[in-house]
Amino acid sequence: MSDRLYHRYHSLAPEIVPCHFNDCADIKLPLELINEMPELKENPFHQKVLQVFSEDKQNNMSFNDFLNMFSILSDLTPQHLKAHYAFKVYDFNSDDFICQSDVEVMLAKLTGDELSDEEVQLVCNKVMEEGDLDGDGKLSFTDFEYMITRAPDFMR
């Protein structure tokens with residue numbers, strides 16, 4: 001898989017990335033180039049996905065970051081690891097919790113703002129009611145993991 005992905009990475013910027021893999025950890029591509037990939041363009045969370053997997057936090061992605069991003073999509077990836085990254089993607093304000101504002105952003109991205117304010121509030125309340133185990137008004141990773149184990153289709 002890594003050979004195929006390396007060739008995809010190379011094809012995004014052949015003038016920057018060498019043709020053959022040779023520890024190119026210092027080579028980084030701008031996220032704008034990676035964002036043009038069809039697999040990401042169609043994803044409503046593409047910007048946050050790129051942000052989560054870009055370790056330098058400066059809008060660049062190394063091949064290792066790129067490999068990690070695509071590895072998470074593999075059926076062979078353990079569910080707890082998929083859950084870890086899904087949590088990071090849904091934590092839009094990056095406070096290590098999923099709060100009501102994160103759920104609102106998630107719903108807007110998924111529905112294209114087609115829900116009324118009342119419907120959004122109803123969904124947010126239901127998510128918190130179902131997932132907030134300790135009653136603090138936000139989902140910790142433990143809460144999130146518990147919630148998605150009750151919805152097996154979530155991680156497919």
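Predicted model: local features only at pLDDT ≥ 70, side-chain atom pairs only at ≥ 80, totals over all residues.

Student: How many salt bridges does a search of the whole structure find?

Tutor: Six. One of them pairs Glu 39 with Arg 8, at 2.6 Å from N to O.

Student: Which parts does that pair tie together?

Tutor: Glu 39 sits in helix α3 and Arg 8 in helix α1, so the bridge ties together parts 31 residues apart in sequence.

Student: And is Glu 39 buried, exposed or partly exposed?

Tutor: Partly exposed, with 37% relative accessibility. Arg 8 is partly exposed too, at 30%.

Student: OK, what about Glu 130, what does its side chain meet in a salt bridge?

Tutor: Arg 150, at 3.1 Å from N to O. That pair links helix α8 with the segment after α9, 20 residues apart. Glu 130 and Arg 150 also belong to a salt-bridge network with Lys 126 and Glu 129.

Student: Switching topic: where is Ser 54 found?

Tutor: In the loop between α4 and β2.

Student: Buried or exposed?

Tutor: Ser 54 counts as buried because its relative accessibility is 1%, and the cut-off for buried is under 20%.

Student: What does its side chain join in a polar contact?

Tutor: The side chain of Asp 56, at 3.2 Å. Asp 56 also forms a salt bridge with Lys 28, where the closest N and O atoms are 3.9 Å apart. Lys 28 lies in strand β1 and Asp 56 in the loop between α4 and β2, so that bridge ties together parts 28 residues apart in sequence.

Technical notes: Residues numbered from 1 in each chain as written. Heavy atoms only, no water. Helix = DSSP H or I, 4+ residues; strand = E, 2+ residues; numbered from the N terminus. Buried < 20%, exposed > 50% of the residue type's maximum accessible area, 1.4 Å probe, protein only. Polar contact = N/O pair within 3.5 Å; in protein donor to acceptor, adjacent residues only side chain to side chain. Salt bridge = Lys/Arg side-chain N within 4 Å of Asp/Glu carboxyl O.
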